[in-house]
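Open the model in your viewer and show it as a cartoon. The stops below say what to select next and what is there.

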Amino acid sequence: MALQIIRRDLHAHPELAFCETRTADVVARELSALGFETHRGLAQTGVVGVLRAGRSGRAIGLRADMDALPMNEANCFAHRSVFEGRMHACGHDGHTAMLLGAARLLAASRDFDGTVYLIFQPAEESSGGARVMIEEGLFERFPMEAIYGMHNWPGLPAGDFAVHAGPVMAGTDRFDIRILGVGGHAAMPHLVVDSIHAGAVLVQAVQSIVSRSLDPFDTAVVSVTRFHAGDAYNVLPDQAELAGTLRSFSEDVRQKALTRLAELCAGISATLGVKIDFSARADSYPPTINTAAEAARCVQAAAAVVGREHVRTDVRPSMGAEDFACYLQHKPGAYIWIGNDPTGGEPGSHAGLHNPTYDFNDDILPLGAAYWVELVRHILGRSVQGDG
């Protein structure tokens, strides 16, 4: 089955975190048909394909994510989502198809020396599928020296790759704030303790964390993204609920910002007489930080496919988050970007990630597959023994 057909089939049938049963069926069926040793069940719907060649005991892992987003698709093409409220708006359908393309090429040639683990991961979008796979024994069952990932990147032309030595994606913490005051009549504010006023003051104060509490050379973003309070025109509510995210590239900056956020809550609580409960969620994503040696290998592999002039090492990291970071807390590795902008189009001229009109660029499917194969050959070497 052509990679485009697989990719568009997956796009039309998106599945959310830990529910990627049909997608896993497609992946497992394809891997088994190619002769891969196929394992299922890690993190519920994860699939790991194992291919060995030559005599070396070395092994590496290649990872693709499979889950979709809980959003409606606005596209009208034939392969649009058949499900309301589910959409492949981040290109995980393409990531899965590219790794399956690499599986075909590797199985056909087996011209490498060692073991390749193809990791098809569920639940990247905010549910921490990588962490679950690790907790359930990914690295114990499939021992590898390093792990590699790839994501399509709108704004980067098709035919280009971007590789970072160091930070690629930010870590993210989600926080919740509950403000408890005393409600009452809107005409008598002197008789209440206004939770909305306290929330508004807090939203303003949060903006000072990056501008006044962190070193100007450090990078962070603190955003309040939700503010819920009240139901009526003439009632000052007794409580307000706020939520948001903190993004940073280092643990030191992360801790400073979280500490300052908690201090602001305590200060406003004391100043305005409200009770403020602040909590940061335990399911945070750490920053994605490539190890230098592995990033250099990615540069060399990508250059062998598209030429060194099309491998960018000067692209700034993203403040978006990625749970591939969890793997990099346990193993060396690197996570790179492959350009998704249409050939001949202006960079950024089409919908970006998480947009209801986004679609993966099928023209880059063979390119991504070729990169994976070249990376395997570059790291493990070419086997003269075939499949042994």
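Begin by selecting Glu 294, which is found in helix H9 (residues 292–306). Helices (H or I, at least four residues) and strands (E, at least two) are DSSP runs, numbered from the N terminus. This is a predicted model, in which local features need pLDDT of at least 70 and side-chain atom pairs count only at pLDDT 80 or more, while totals for chains, interfaces and linings use all residues. Residues are numbered from 1 along each chain as its sequence is written, and side-chain values use heavy atoms, with hydrogens and water left out.

Is Glu 294 buried or exposed? Glu 294 is buried, with a relative accessible area of 10%; buried means under 20%, exposed over 50%, and partly exposed in between (1.4 Å probe, protein chains only).

Now show what surrounds Glu 294. Leaving out residues up to four places away in sequence, Glu 294 touches Ala 146, Tyr 148, Pro 332, Gly 333 and Ala 334, where contact means heavy atoms within 4.5 Å.

Next, select the sheet. Eight strands form an open sheet with mixed pairing, in the order E1-E2-E4-E3-E5-E16-E6-E15. Its edge strands are E1 (37–40) and E15 (311–312), each pairing on one side only; two strands pair if DSSP finds at least two bridges between them.

Zoom in on strands E2 (residues 47–53) and E4 (residues 114–121), which pair in the antiparallel sense over seven bridges. Arg 52 has Thr 115 in E4 as its bridge partner.

Return to H9, which packs on the sheet and touches strands E5 (146–157), E6 (161–162), E15 and E16 (333–341). The direction of H9 makes about 35 degrees with that of E16. Axes are lines fitted to C-alpha atoms, for helices over the stretch in contact, and angles run from 0 to 180 degrees between N-to-C directions.

Finally, select helix H8 (residues 251–272). Which residues of H8 are buried? They are Val 253, Arg 254, Ala 257, Leu 258, Leu 261, Leu 264, Cys 265, Ile 268 and Ser 269. These residues cover an arc of only 145 degrees around the axis, which puts them on the same side of H8; the arc is that of the directions from the helix axis to the C-beta atoms. On the other side of H8, Ala 270 and Thr 271 are exposed.

The buried residues of H8 pack against several elements, including helix H6 (195–206) and strand E10 (220–229). End the tour at Gly 273, which follows H8 and has a positive phi, near 75 degrees.

Technical notes
The expected span of a helix is 1.5 Å times one less than its number of residues.
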